[in-house]
Amino acid sequence: MPEARLSFAEYYHERTKYAPETLASKSQGLDWSTQPSPYKDYKIGTVYDLKPYLTEDIQSDRDGLLASRWRRLSRLLFCSYGLTARVPTVTGEAFYLRAAPSAGGLYPAEVYIISAGTPLLSAGIYNYQVRTHSLIHFWQDNNVWNGLQQACFDHPTLQNTRMAIAITSIFQRSAWRYQDRAYRRIFLDTGHLLGNIDLASAIEDYQASLIGGFADDAVNELLFLDKEVEGAIAIVPILDLQDEESIGRGQESRVPMQRSGSLSKGLITALPSATVTNYPKLPDGQLLEHLHQVTQITEKLSTTKLTENLETNQSDVESKSIQDLDKYNFPFCTKVSTATESIHWGDDLEILENTILQRRSTREYTGAKLELAELKAILDFTYQPQHYSDQGIDGSPDYFDLSLIETFVAVTGVVGLEEGCYYYAPKSQELRQIRFKNFRDELHYLCLGQELGRDAGAVIFHTADLQTAVAKYGDRVYRYLHMDAGHLGQRLNLAAIALGVGVSGIAGFFDDLVNEVLGIPSDEAVIYITTLGRPL
């Protein structure tokens, strides 16, 4: 009997793995003259300057309400993706870092606002001009919201909101440097951005939801994208919690409104695409484009099909016990509780806002040990969001499907924690040791010789069983997995920075050797690595 053929997402993953014997052939010199611009320009449109609203001392309107609305929107966008630092370069040209990290500082994402008509934004489409911190209203259309609802198969959150953020990617910005493997990094970067949007929304009294299942061509056409260059990645409906017409309660509370019914637990964030097993033999350089094409949802889902998907997901969740949701329970292993006191983010979340804007990827670690309390607090903020709802942070943020993501932690320098590799069980809030060893030298090698891997005190690995994931969502799941891993990675980033711990994500590694060296089950594909250490 012939062996079952891999889906194209699995095939792409295999083809884009790094291995010691093939890494040199996948590397190529960079032609700096061909690097795409990280900014998108529009020749026509109405410009709304958001910079005046970044300061506290704004000249408000008579009642102050309109200025307050502008300030909240301005800071939401700035904390999500705004320019936060200028870095000198050898050429003398300005290079700017943004609030959300990006592999190689390439920033493939573009941010749009789709408005149904709000007190600030008339109906239409806006592009966030990050370079000037402004919005450009390049398309006015009273029917644009209906178009978005249709493209998102009448997603319930769009019935209760008047504004949504659309995130797209200009693929060549990353592919210029990372070739076919750039698809992984693009969606990790998008996950970082989603993490920022979720938390920045809480700071500014919005609530962010998430839609990953939409008709790609319909959204691309709605945004007037050249689909050969740029494609829609995610839709984020934004609910204004201070809008009395929406929630009937005014501005008296910053605790997020509880979600109800099918809007809870992110059950409808992800929809499946086809699973493609009949594909041509493609040369290097064409894998990224082909994967994006096969992961698209091309047929309009009927209301019946959408309802069936919701009911299936609901049944899956209800049929699992808490113990089942932690995938691995290795027998006779050492178990360490990670229950801890939550990080306090300050009155009105000012510490969280400052952390988002001050976050930087650490370049070097000292090799000194971390405290176990620090690691516990970082894991708590990342995986136990319900502990932070009393601070005004969404206790149930949307992901695509966290049940598909597993977390392993390689410990080489944490006071009070034995060296080795641990499985992190988020539902049980404990670390379960699966291998006893100091992995400093191996981590240095696995991370392509990056000293961050060697000198970190703990290295966190996000993994997923690709075969199981594809069976549930088709090839499109490859997008969901990387965005979820990036979202988790951004929460790790912010918790670490708030505690004075160095942190840096790594998307380039020897894929298969990670499993072999650390003892991670072979069916777990490594998606993302985050290093934690004492900054130099």
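At 0% relative accessibility, Tyr 388 counts as buried (under 20% relative accessible area with a 1.4 Å probe, protein chains only; exposed is over 50% and partly exposed lies in between). This is a predicted model, where local features need pLDDT of at least 70 and side-chain atom pairs count only at pLDDT 80 or more, while totals for chains, interfaces and linings use all residues. Residues are numbered from 1 along each chain as its sequence is written, and side-chain values use heavy atoms, leaving out hydrogens and water.

**View 1. Phe 381 meets Tyr 388 edge-to-face.** The ring centres sit 5.1 Å apart with the planes at 90°. Rings of Phe, Tyr and Trp (its six-membered ring) pair if their centres lie within 6.5 Å; planes under 30 degrees apart are stacked, over 60 edge-to-face, and the rest tilted. Phe 381 is buried too, at 0% relative accessibility.

**View 2. Phe 8 and Tyr 11 make a tilted pair.** Here the centres are 5.7 Å apart and the planes at 50°. Phe 8 is buried at 0% relative accessibility, and Tyr 11 is buried with a relative accessible area of 17%.

**View 3. Four aromatic residues form a cluster.** Ring pairs link Tyr 12, Tyr 183, Phe 187 and Tyr 478.
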